[in-house]
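Please keep the sequence and the coordinates open beside the text.

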Amino acid sequence: GTSSSQFKDAKLAELDASSAVVAFRDAEGGAPHAHGHAKEYKMTENLMSLSGDSFAIKDEHDRTCFKVEGKVLTLRARKKLFDGAGQQLGFMVAKRLSMHGRTYVCDAQERVVAVARKAHLFQMSAAAEVWVLREPMHLDKVNKHETAGRPADIRMGGNWRAKNFLFAGKDDAVLGKVQRSGMNARNLLGGADTYFLEVAAHVDSALLVFLVVVCDELFRDED
């Protein structure tokens, strides 16, 4: 796991556009959620939502940038990601019957753009891996060969119980940091959590917001 000192000392990578990490693209192939500077977000969970778990995500200027809505993940139950204007950017579904329990991150056209899974089946610490697909494809066409032939693009690891987690890319570049607030926040706040997310320049904020929710799903039992 990642110690508190390691987490505090970890500096966000200074990527340029040529090394950008992007999953969600617009119709012209641009990356509207990968900014040229680091971003900070506050993710607040709302368990009173009629649809189940939901998150409101605001930036450092208190502007609502994203919303996540949906039920606990299964292949039928989806969590949906919206931008601040309410436009759906994508969704994610989970395949829990596979050995590592895969989660598929999809765009609004129902194409898989990233695949996440627990890094080790019998792991002692919280760790997961993410592959960003070079060619998005429909969920029915994705198989293990999309991830088996190359190393993960993003490694997520840390101490979920101690409420800190790092997102690392190639050469251990720190793509993002997430920290949960409060002691036993789910108990104190009636089950709700708040996350503080830092995203490096030229890293897809929409993807990392969704990956925080993936971690919340994968490791919530470790609280």
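Asp172 sits in the loop between β10 and β11 (174-180), and the model in which it is placed is a predicted one.

**Strand β1 and its neighbours**

- Strand β1 (residues 39-45) pairs with strand β12 (residues 194-199) in the antiparallel sense, over six bridges, and within this pairing Tyr41 of β1 has Leu197 of β12 as its bridge partner.
- Strand β1 also pairs with strand β2 (residues 54-59), again in the antiparallel sense, here over five bridges, and the bridge partner of Lys42 in β2 is Lys58.
- Which residues of β1 make up its covered face, and which its uncovered one? The covered face consists of Lys39, Tyr41, Met43 and Glu45, whereas Glu40, Lys42 and Thr44 form the uncovered face.
- Met43, which is placed in strand β1, counts as buried because its relative accessibility is 0%, under the 20% limit.
- The C-alpha atoms of Met43 and Asp193 are separated by 8.3 Å, although the two residues are 150 residues apart along the chain.

**Strands β8, β9 and β10**

- Strand β8 (residues 126-138) and strand β9 (residues 154-159) run antiparallel and are joined by five bridges, with Val130 having Ile154 in β9 as its bridge partner.
- Strand β9 pairs in turn with strand β10 (residues 164-168), in the antiparallel sense and over five bridges, and in this pairing Arg155 stands opposite Ala168 of β10.
- Lys118, which lies in strand β7, has its C-alpha atom separated by 9.9 Å from that of Gly157, a residue 39 positions away along the chain.

**Nonpolar cores and cysteines**

- The largest nonpolar core has 48 residues, and those with the most contacts inside it are Phe167 and Leu197.
- The largest share of this core, twelve residues, is contributed by helix α4 (residues 205-219).
- In soluble globular proteins, nonpolar side chains tend to be buried together.
- Cys106 counts as buried because its relative accessibility is 0%, which is under 20%.
- Cys215 is likewise buried, because its relative accessible area is 1% and so under 20%.
- How many disulfides does a search of the whole structure find? The search finds zero disulfides.

**The largest pocket**

- The largest pocket has a volume of about 880 Å³, and of the 36 residues that line this pocket, the closest to its centre are Val21, Val22, Ala23, Arg25 and Val132.
- By class, the lining of the largest pocket has 18 nonpolar, eight polar and ten charged residues.
- Strands β5 (88-95), β7 (111-118) and β8 each supply at least two residues of this lining, and β8 provides the largest share of the lining, with four residues.

**Residues with positive phi**

- Most residues other than glycine have a negative phi.
- Asp172 has a phi near 60°, a positive value in a residue other than glycine.
- Asp172 counts as exposed because its relative accessibility of 53% is over 50%.
- His202 has a phi near 65°, also a positive value in a residue other than glycine, and is placed in the loop between β12 and α4.
- Is His202 buried or exposed? At 18% relative accessibility, His202 counts as buried, because the value is under 20%.

How values were computed: Residues are numbered from 1 along each chain as its sequence is written. This is a predicted model: local features need pLDDT of at least 70, side-chain atom pairs count only at pLDDT 80 or more; totals for chains, interfaces and linings use all residues. Side-chain values use heavy atoms; hydrogens and water are left out. Two strands pair if DSSP finds at least two bridges between them. A nonpolar core is a set of buried Ala, Val, Leu, Ile, Met, Phe, Trp, Tyr and Cys residues joined through side-chain atoms within 4.5 Å. Buried means under 20% relative accessible area, exposed over 50%, partly exposed in between (1.4 Å probe, protein chains only). A disulfide is a pair of cysteine sulfur atoms within 2.5 Å. On a 1 Å grid over the protein atoms alone, a cavity is a set of points where a 1.4 Å probe fits but cannot get out, and a pocket is an open set with protein on both sides within 12 Å along at least five of seven lines; lining residues have an atom within 4 Å of a point. Grid points are joined across faces, edges and corners, and a volume is the space filled by probe spheres set on the points. Ala, Val, Leu, Ile, Met, Phe, Trp, Tyr, Cys and Pro count as nonpolar, Asp, Glu, Lys and Arg as charged, and the others, Gly among them, as polar.
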